[in-house]
Amino acid sequence: MTQPDSFYVTTPIYYVNDAPHIGHAYTTIACDVLARFKRLEGAEVKFLTGTDEHGQKVDKAAKAANIDPQSFTDNVSMHFRNLVNTGDNLLNVTNDDFIRTTEPRHKEAAQAIWQRMKDNGHIYLDSYAGWYSVRDEAYYAESELIDGKAPTGADVEWVEEESYFFDLSQWQDKLLEFYDANPDFVIPKERFNEVKSFVRGGKDYVQGALKDLSISRTTFNWGVPVPGDEKHVMYVWVDALTNYLTATGFPDTDSPSYQQFWPNTTHIVGKDILRFHAVYWPAFLMAADLPLPQKVVAHGWWTIEGEKMSKSLGNVVSPQELVDNFGLDQVRYFLMRQVPFGSDGNFSKANMVSTINADLANNIGNLAQRTLSMIYKQCEGSIPTNTPLTAADIKLLELARVTSNSTNARNRINELIQYCAFDQIIKDIVAIGSAANEYIDEQAPWALKKTNTDRMNVVLYTLAEVVRCIAIMLQPFTPEASKKLLDQLAIPDDQRLFEHLTEHYALTPGTPIEKPQGVFPRMDEALAGDIKNAS
Ligand code: ME8
């Protein structure tokens with residue numbers, strides 16, 4: 001037997017200065033979809049999410065709320081925990097762990113990586129004088145400021161203090177060599193080009209383009225103490241990035257989880273924090289003599305009804321509002337379908353309703369409901385016979401297993417998933433649904449009922465088989481509805497993997513099916529509610 005692949009996928013850990021919103025839900029759902037795909041491929045998966053609880057931004061938020069930072073983070077972290085399966089699981093997420101950077105296991109790991117970098121001669125004490133943005137938790141050079149603000153629009157403040165530095169300037173060539181040797185390290189390619197350009201110092205190579213990085217603070221104490229010099233706390237990004245290692249058992253590099261998963265790591269992040277993950281993080285890891293992740297995938301940014309999401313505009317969309325208004329599977333589906341992963345997206349209620357109705361209600365839901373209810377009523381509630389198949393039946397069955405580029409569906413999905421091309425996978429699945437709806441109209445099983453029941457049986461068998469394939473492929477996106485469809489078809493739990501897609505005639509004639517129930521109701525625009533104004 002071959003060893004199953006191991007796969008480790010992480011969301012960024014979320015700042016606990018404020019409650020979760022649609023952007024956090026998007027990253028979390030994308031990781032969940034990827035984790036579920038890998039499991040369906042037969043891989044052993046570890047999926048991590050959690051909260052980033054230290055640093056000045058969280059400290060300030062706690063002070064503003066007049067609550068000590070530990071109680072403050074306990075409370076806000078719980079809202080993030082409740083999105084996933086270590087809490088209420090609002091988003092139906094299959095994470096294996098939820099890390100909080102205030103946990104002792106993490107403090108130990110953060111201090112261990114610091115010590116390794118220090119022992120290897122990459123950390124030195126000096127003093128920092130420059131600009132800092134608390135909102136971005138990032139340092140900016142004078143030359144980067146635009147009208148006295150950070151390039152992100154965030155306010156900056158002048159900071160002068162004793163600080164430990166990481167010798168980032170020494171890693172320029174090593175990083176560029178690493179990028180050359182790993183052409184898929186950052187996805188999408190355009191973002192990788194931006195990263196390389198930053199490290200090269202612009203378009204052409206500029207020696208010394210990377211500046212050493214201040215990695216400790218003394219003016220507040222909400223952080224992990226620097227080993228051996230406790231008046232300093234670590235710069236929150238050194239602490240935060242290390243969370244990915246902590247959850248594998250680091251600093252115990254002999255732990256089975258570290259051994260199995262750390263070399264097989266994919267980080268999914270928003271484009272705003274790509275530099276931290278694709279430049280600083282690999283440099284820290286090289287400095288600590290630790291292996292680098294395999295891949296960093298950067299996704300785009302969501303606007304709401306065409307506007308930037310912000311508290312002051314009052315248009316922040318919470319995951320709870322989304323789920324309450326549109327349904328959980330529908331939200332998961334829409335977010336993955338709406339934009340190619342990596343591109344920016346716009347959330348609009350009108351788009352959401354039209355996508356749900358076109359793809360899920362009218363196409364796939366309608367196909368499943370028409371097929372299953374006819375089988376239930378006309379075939380004595382069990383899977384009908386499948387012989388003899390005609391050329392039209394075989395063509396449709398092949399399409400359900402073989403998608404547009406003429407490779408087997410399993411291979412095609414595997415290829416697309418390397419690039420997190422979730423929207424493309426969805427489009428392939430929807431195309432199968434459209435073809436099956438055309439087939440049902442052409443074959444008109446409701447007419448065959450009176451003229452040729454043998455042929456009606458074969459047509460319904462063919463359609464049920466297509467519904468089975470669609471339901472298997474949709475599982476990562478719409479896990480609840482897919483489960484209901486596969487349950488209705490009486491597919492055993494252990495026969496819902498991608499390897500079962502390519503099995504011909506997986507449905508056994510004579511198997512009783514459950515009374516069908518619609519899984520994707522049509523949305524009434526008026527009922528969707530104006531989520532922009534929902535309280
Ligand atoms: O950056 N659209 O945490 P964070 C899409 N703690 N995604 C969005 C978004 C939007 N409008 N707004 C936020 C941090 N996000 C650090 C990470 S990792 C070691 C430390 C997403 O809570 C985006 O993916 O500010 C961003 O990367 C993530 O939320 C976390 O944001």
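Mentor: We'll take a helix pair, a sheet and one more helix. This is a predicted model: local features need pLDDT of at least 70, side-chain atom pairs count only at pLDDT 80 or more, and totals for chains, interfaces and linings use all residues. Residues are numbered from 1 along each chain as its sequence is written, and side-chain values use heavy atoms, with hydrogens and water left out.

Trainee: At what angle do helix 12 and helix 13 cross?
Mentor: Roughly 100°, with the axes of helix 12 (residues 328-338) and helix 13 (residues 349-378) coming within 10 Å. Axes are lines fitted to C-alpha atoms over the stretch in contact, and angles run from 0 to 180 degrees between N-to-C directions. The two helices are therefore roughly perpendicular (65 to 115 degrees).

Trainee: Which residues of helix 12 meet helix 13?
Mentor: Q330, V331, Y333, F334, R337 and Q338. Their counterparts in helix 13 are N351, M352, T355, I356, D359 and L360. Contact means heavy atoms within 4.5 Å.

Trainee: New topic. What's the strand order in the open sheet of three strands?
Mentor: The order is 16-15-17, with mixed pairing. Strands pair if DSSP finds at least two bridges between them. Strands are DSSP E runs of at least two residues, helices H or I runs of at least four, numbered from the N terminus.

Trainee: How do strand 15 and strand 16 run?
Mentor: Antiparallel, joined by two bridges. T303 has K308 in strand 16 as its bridge partner.

Trainee: And which residues are buried in helix 14?
Mentor: D393, L396, L397, A400 and R401. A391 and K395, on the other side, are exposed. Buried means under 20% relative accessible area, exposed over 50% (1.4 Å probe, protein chains only).

How values were computed. Parallel < 35°, antiparallel > 145°, perpendicular 65-115°, else oblique.
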